[in-house]
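Subject: Structure handover

Hello,

I am passing on the structure we spoke about. Please look it over first; my notes follow below it.

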Amino acid sequence: MEKKLVYIYLAYERFWHWSQAILIIILIFTGFEIHGSWQFLGFETAVKIHNSASTALLILIVFTIFWHFITGEWKQYIPGTKNLLAQIKYYLIGIFKNQPHPTKKKMRKKLNPLQSLVYLGLKVILFPMVVITGLLYLFYRFPSDGEIRSLKMDGLENVALLHTVGAFLIVAFLIVHLYLITTGETITSNLKAMITGYEELEKDEQDDNDECQNNY
Amino acid sequence: MRRIVLSLLILVSIGYLSYRLFVGIHHDESLLVAMKRENQRDLEIPVEHALFEVLDQEFKDVREVTAACLTCHNGRGNEVMKTSHFQWIREEFVEGRGVIKLGKKNVINNFCIGVAGNEHSSMKCHAGFGWEDHKFDFADERNVDCLICHDQSGEYVKGNKMAGLPSPVVNLQKVAKEVGRPSKANCGSCHFFGGGGNNVKQGDMEVALLDCSREVDVHMSAEGGNMSCVDCHGDANHQIKGKLYTISSMDRNRVTCIECHTALPHDERTLNKHTAKISCQTCHIPTYAKVNSTKTSWDWSTAGKLKDGQPCHEKDSLGNHTYLSIKGSFEWGRNLQPEYTWFNGTAGHYLVGDQINPDQVVQMNSLNGNYRDLNAKIVPVKVHRAKIPYDTGRNVLIQPYLFSHNKGEGALWQDFNWEKACEKGMEKVGQAYSGHFGFVKSELYENINHMIAPKEQALSCVECHQKNGRLAGLTDFYLPGRDSNSIIDFTGKLLLILSLGGIAIHGSLRAFSASNLKRKKGRK
């Protein structure tokens, strides 16, 4: 089939992706220092950076949720069962035989069913869990009327442990994610696409029609 | 390019905004200056006592001085007589015991044990005259010692072993004319010397505070706040504010830092939030006994050994006694890190006659509180550990008879005979005695509240937020940086190893199959 350079990742999407990536890496680095896994910046600095980065990420998340809804991009994450098995089979077998990807990347369908499922899980379970436990961590005690009040919470333990579970899962995701971006058409094609926005894809009639609609 | 620059700009501003959100706004330095000016009191003596005729007389008896004071300050004697400085006892509610009368008079500690039977020596620090035994008249105003607190000549001292009467060398006429608001030296004349010597008992109150650097005590130092004791320990009708929980039990009439510093004194939110569970003293007194040593342990069981029939003593390199025939062996410490405990303002006490378990460490007093107690905060304490005598037959602590003027009366410090001292001591406090004694380990908790360091020297986060930090002993709550769940940590690490292993295997298989496919293609 004919190939064509397609503008697949929009400017905001790339901005969101990379700033989120930087912030998450900062949060992992400082978070595990707070956890006691290593000492590098010092506990106090680690806490300050972790708090600032988390607030920045929160602002970014709010903007991005808004972006997802006004652009309709949220539909990308609706998981389907179509091709799901084929996709798993591809990663387990097909990829070694140089077989083609079972799912074609399209402007309207950037994610394969396995990606949709994983990203949906990240967005509706893992990230909210980490964000909510993080907010409780920060704000379960708060100044009010010149003194410190507290939510009725029996200490930080459960909140902190859930936050830690989330952190481990995010690191695991990051490791696998970094590897899987090398499984594109070429080793670097996915990475290039997320930087420039453009990727060589098989020509898709519908995309051509949609392009003007999506390009704002 | 323009987009990248724009994105970076947005990112930087978001970062800055979030930083500001946590750092908060800095306090105006002039606020502190204004507060100082507002709270500074006029320390000039408002009247010239030297001009009063009533004070211009040859006093035969110190009680006449008190009588002279009362001619103008009428009613003040009755005020003082109601205070614990005079009564050495007051009504307290103690959990599990109800309302009881408690104070220095009847509570025993693990330093010189107790005052009962030893009044001649102990009453050197009584704000009265002549409390030798139970016959002392608590209702006679003339028995109140005004001078010990109000003397400003610096010449008034109480005599040794004189049951609170002044040393015979004191010129009462001169002293009576130079009186005023209590200074550090007045309070210190007793409170610095608890336990029988400078800084022995408290550890955070000692003569060095009369002239110290900001590093030793930022409030009392002349370079710092230049404050005296009564600036914080104010009074109403001679009832001085402040508590010592070796002999107090209730959360009342305490002196707090927030009276001046407010409940939210820090620029940083995170630090302010700590005040919900951490007392100010915990972070702001990194070490105590900063200048002179304080006694950390005392072994009474070695007391009584004589050298050539004479009492002897040994000293360490700093001049602290490590052994005294009359008291036993001691350990001392300087620049000590406090220990930490929860404290809600109420305490329990060992009372004469309480049963002990000799296999356990006897708690002379217990500071109440835990993480779940909304009134409790973590506070710094000095723990004094001592081996003290107990009745092995009845399992109660013994209050030995220590002091007498003459040999042969059974006092330990005269006769060096434990058996007699125990028997006589228990008789004096009206307790039965089985005739057999032993020694048991005990702990006494003393709150560390003084020797506040300049703010630059306050504890940094990592002093507690680490595995073996200062709060390693308080395990009833989750402390970030110290605590973790071993199952979660193990599973988490395993997950990461499996992920890395998985991609390593998958990646090498891809590389292998790719080269295989290439070779096959090449063959074709």
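Notes on chain B

F416(B) is buried, with a relative accessibility of 14%. Please keep in mind that this is a predicted model. F416(B) lies in the loop between α14 (412-415) and α15 (418-428) of chain B. The phi of F416(B) is positive, near 55 degrees, in a residue other than glycine.

N253(B) also has a phi near 55 degrees, and this residue is not glycine either. N253(B) sits in the loop between β4 (239-240) and α11 (258-261) of chain B. N253(B) is partly exposed, at 39% relative accessible area.

Next, the hairpins. Strand β1 (residues 90-94) of chain B runs antiparallel to strand β2 (residues 98-102) of chain B, and 5 bridges join them. Within this pair, E92(B) faces I100(B) of β2(B). The hairpin of β1(B) and β2(B) has 3 residues between the strands, and G96(B) in the turn has a positive phi of about 85 degrees.

Further along, β8 (residues 313-315) and β9 (residues 321-324) of chain B are antiparallel and joined by 3 bridges. E314(B) has Y323(B) in β9(B) as its bridge partner. This hairpin leaves 5 residues between β8(B) and β9(B), with G319(B) in the turn at a positive phi of about 90 degrees.

β9(B) also pairs with β10 (residues 328-333) of chain B, in the antiparallel sense, over 2 bridges. There, L324(B) stands opposite G328(B) of β10(B). β9(B) and β10(B) form a hairpin with 3 residues between them.

Regards

Key: Residues numbered from 1 in each chain as written. Chains lettered and ligands numbered in written order. Predicted model: local features only at pLDDT ≥ 70, side-chain atom pairs only at ≥ 80, totals over all residues. Heavy atoms only, no water. Pairing = 2+ DSSP bridges. Helix = DSSP H or I, 4+ residues; strand = E, 2+ residues; numbered from the N terminus. Buried < 20%, exposed > 50% of the residue type's maximum accessible area, 1.4 Å probe, protein only.
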